[in-house]
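Please read it with the structure open beside you.

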Amino acid sequence: MKILFIISNLANGGAERVISTLCDEFSKMGDTCEILYFEQNSGYYEYKATLTHLPLYEKYEKRGILAKLNKFWHKLSKFWRINKAIKKSNSNAVISMLDQTNINVLISSFFAPKSVIIGEHTDERELKSRFWRAMRRLLYARAKALVVLNESEKNYYNFSKNAKVIYNPLNADFLSPSAPANKENIVLCVGRLESVKNYEFYLKSLALISPDLRKNWRFIIAGDGSQKERLLALNDELKVGAEFIGHAKNTKELYAKASILALPSKSECFGNVLAECISFYCARISTPTAGASELITHAKDGIIASELEFAKALEELMSGERLRTSLAKNALRRLADFEPAKIAFKYKELMLS
């Protein structure tokens, strides 16, 4: 079977990691994969697939009526170009990832004899434009199937004829529990330094924790982003001593040392870190996002705390080793939900249905 994945950019995001893992699993099944991408390939992930670059978003520096006409024609012709690329791939199934790419592919597939499966990896509220939201509502009903990451998103997309919840897979490195022998007093956050990750709130929450307790812990934030300077200034102002270490390529080493994984986001469709840290015996605490509700059973295998309760809940977690151990051990039962072979099989069922 030939499977064509379509995505705008091959960067270091969650959708790219999912494609990488699925390509690996499909190759084990004897299938071949191709990835069609429109922007750049950062080389962050390895793909067992043929990579095809279709440059849809060239920049136009020149001005004048001819340049404007050329730019307009280039935008209009992208649907024909995507259509042509889909036909050229000679694939048996098409899987598109992320909202605007999904819309572009669905428009293009009006003229291509393919059944398209689309995947959503962000909170539906992330798409702000009224135009694109209207297009999403109109076109998503055309897809053969829509893959979402939690029940809340599935309920929102009730206008899609076949919405399925399929979790993101974890690779083998995150599926083999390691002995929790070398745990340190570290509260770890992993995620880009952007507004949606809510680090300004997180730093203010740390400032509410008892200084006597706080001085015995390290607060590590792994990630980069547009809010870095602002957050560094706030960290100095509040004197909470959070350590901003930038983007971490090997998060496994951080998970192995950390006792607590904190996710203070405003919204998360899934929250990959909540799954990745499980086999490293990290006690998990998160704000009440859709992803957290899907991946954590409150007070059993993690803590879900509102912004008003977050600082107190984190303080209790830092103070209670027995609580941390219990939550971390109970979370191990969820690892089977993220096995790559199981996830790939669910996608295969959609393709063959």
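Predicted model: local features only at pLDDT ≥ 70, side-chain atom pairs only at ≥ 80, totals over all residues.

1. Residues are numbered from 1 along each chain as its sequence is written, and side-chain values use heavy atoms, with hydrogens and water left out.

2. The structure holds 0 disulfides, a disulfide being a pair of cysteine sulfur atoms within 2.5 Å.

3. The whole structure contains 18 salt bridges, each defined as a side-chain nitrogen of Lys or Arg within 4 Å of a carboxyl oxygen of Asp or Glu. One of them joins D24 to K48, with the closest N and O atoms 2.9 Å apart. Because D24 lies in helix α1 (residues 14-28) and K48 in the loop between β2 (32-37) and β3 (50-53), the pair ties together parts that are 24 residues apart in sequence; helices (H or I, at least four residues) and strands (E, at least two) are DSSP runs, numbered from the N terminus. D24 is partly exposed at a relative accessible area of 23%, whereas K48 counts as exposed at 53%. D24 and K48 are also linked with E25 and K28 in a network of salt bridges.

4. A salt bridge between R218 and E184 has its closest N and O atoms 4.0 Å apart. This pair links distant parts of the chain, since R218 is in strand β9 (residues 218-222) and E184 is in the loop between β7 (163-165) and β8 (186-190), 34 residues apart. R218 counts as partly exposed at 36% relative accessibility, and E184 is partly exposed with a relative accessible area of 32%.

5. R334 sits in the loop between α13 (321-331) and α14 (340-352). Is R334 buried or exposed? With a relative accessible area of 14%, R334 is buried, while its salt-bridge partner D337, with closest N and O atoms 2.6 Å away, counts as partly exposed at 26%. A polar atom of the R334 side chain also lies 3.4 Å from the backbone oxygen of E294. Leaving aside residues up to four places away in sequence, R334 touches Y167, I278, E294, L295, I296 and D301, contact meaning heavy atoms within 4.5 Å.

6. The axes of helix α12 (residues 310-319) and α13 come within 5 Å and cross at roughly 95°, the axes being lines fitted to C-alpha atoms, for helices over the stretch in contact, with angles running from 0 to 180 degrees between N-to-C directions. That makes α12 roughly perpendicular to α13, a label for angles of 65 to 115 degrees, where under 35 counts as roughly parallel, over 145 as roughly antiparallel and the rest as oblique. E316, L317, M318 and S319 in α12 meet E321, L323, R324 and L327 in α13.

Key: Buried < 20%, exposed > 50% of the residue type's maximum accessible area, 1.4 Å probe, protein only. Polar contact = N/O pair within 3.5 Å; in protein donor to acceptor, adjacent residues only side chain to side chain.
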